[in-house]
Structures are given as C-alpha cells and as structure tokens.
Amino acid sequence: MQVNNPEPVIIFGAALLPDGQPTPALRARIHSALAYGAKRQVTYIVTGGVPQSGLTEAAVMARLLHSAGVPEWQIVAESSATDTFDSIVLCSAILKRLGIARNTPVAMVTSPYHVPRCFLLLRLAGWQAHAIPFVQHTQRPMRLRTKLHRIAHETLAIPWDALLVLVWRIVPR
C-alpha cells in the first residue's frame, strides 16, 4: 500500500568494504534512517555509486532497507554518484521527479562529521533539509588521526562543494 506525500529521507553513502559489505558507518546510517522512518511515512533515497566487488553503496543500502522490512516501492536508489556533490545533484533530480515541492521538508542522514556539508549543500540546492538523529551503531571511539583527517577533509570540501552547487544552480541546464 503506497502512502500519499511521504517525507523524503536521503541516506548518503559511505565506502564499502573490499568484499562489497557495508562498513559500520553505513550500517549506522541505515539504522538511523530506519529509526526515523519508523515514526512517519517516508520514501528512502539511497545514494552512492562507488562499487566494491560489483556492488554500489546504493545497492547495498537498498538491500539492507529491504531486509529490514521496507517495501521496494518505498526505496529509490541512486547508484551513480561518486561524491557528495554528485549525490546532491542526482538526488535533486530524483526529488523533482517525485514531485517534491521546494518547501517540503527533506530529511537527510549521514555520519556526524559529514552533516554540515550535506546540510549546507542541500540548502544551497534549494531544499528544506534537516538532519535526522544519528544513532551510533558501535561504541568503538574514532581514532584521533582518523578524526583529524575527516575534519581536514570536510573543512576543505565544504567551500569547494558549496561553490559547485551554487554554479550548478546558476548555470542554465
């Protein structure tokens, strides 16, 4: 049974393990999206096209959602984005195709370090984005080196991707 006007939930991909299995970060993103979707009517949009062992992030996420009981009609897979900017552009096209109005809330889930960039880029793309609570799937703390690397990466990526989104919106398509 399909529901009228479900809220879109964009789940951003995360690198897969070499054998195509999801990482703990990707599992946590799915777990967070499922917890959010359990309380409302949603359409899950999974995005990520970097393959490992013939599987894309989106395909793995769709499989995880489906195995958790989400019907196929409630999942839209975007399997070609290779980075966050691509995900914003391609998910924007999906939202338009689904008839989502610009003033409709669009939920998003990603790892906490990635939230500021995804939130900003969705907003710059014209969507009423909001981050949903992230449910940590493991209790293992992130190593300091990993944390510093992610902070540095996001610090450099935010202004670059923001510029790309602004240019993408300005240049006629």
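Leu-148 is found in helix α5 (residues 144–170); helices (H or I, at least four residues) and strands (E, at least two) are DSSP runs, numbered from the N terminus. The model is predicted, so local features need pLDDT of at least 70 and side-chain atom pairs count only at pLDDT 80 or more, whereas totals for chains, interfaces and linings use all residues. Residues are numbered from 1 along each chain as its sequence is written, and side-chain values use heavy atoms, with hydrogens and water left out.

Together with Leu-144 and Ile-151, Leu-148 makes a nonpolar surface patch of about 310 Å². Patches are made of residues with over 30% relative accessible area and no salt bridge; like charges are joined within 9 Å, and nonpolar side chains (Val, Leu, Ile, Met, Phe, Trp, Tyr) within 5 Å. Accessible areas come from the Shrake-Rupley method with a 1.4 Å probe, and for residues only the protein chains shown count as cover.

The side chains of Glu-154 and Arg-117 meet in one of them, at 2.8 Å from N to O. This pair links distant parts of the chain, with Glu-154 in helix α5 and Arg-117 in helix α4 (residues 115–124), 37 residues apart. Glu-154 counts as buried at 5% relative accessibility, and Arg-117 is buried with a relative accessible area of 7%. Buried means under 20% relative accessible area, exposed over 50%, and partly exposed in between (1.4 Å probe, protein chains only).

Arg-117 forms a salt bridge with Asp-161 as well, the closest N and O atoms being 2.7 Å apart. Here too distant parts of the chain are linked, Arg-117 in helix α4 and Asp-161 in helix α5 being 44 residues apart. Both Arg-117 and Asp-161 are buried.

Glu-7 lies in strand β1 (residues 7–12) and Arg-40 in the loop between α1 (24–37) and β2, so the pair ties together parts that are 33 residues apart in sequence. Glu-7 counts as buried at 16% relative accessibility, while Arg-40, at 31%, counts as partly exposed.

Strand β1 pairs with β4 in the parallel sense over three bridges, and Val-9 stands opposite Ala-107 in β4. Two strands pair if DSSP finds at least two bridges between them. Four of the five residues of strand β4 (residues 105–109) are buried, so this strand is largely enclosed by the rest of the structure. Four bridges join β4 to strand β5 (residues 128–131), and the two run parallel; the bridge partner of Met-108 in β5 is Ala-131. β4, α4 and β5 make a right-handed β-α-β unit. A crossover is right-handed if, with the strands pointing away from the viewer, the path from the first strand over the helix to the second runs clockwise.

A right-handed β-α-β unit is also made by β2, helix α2 (residues 57–67) and β3. Strands β2 (residues 42–47) and β3 (residues 75–78) pair in the parallel sense over four bridges, with Ile-75 in β3 as the bridge partner of Tyr-44.

Technical notes. Salt bridge = Lys/Arg side-chain N within 4 Å of Asp/Glu carboxyl O.
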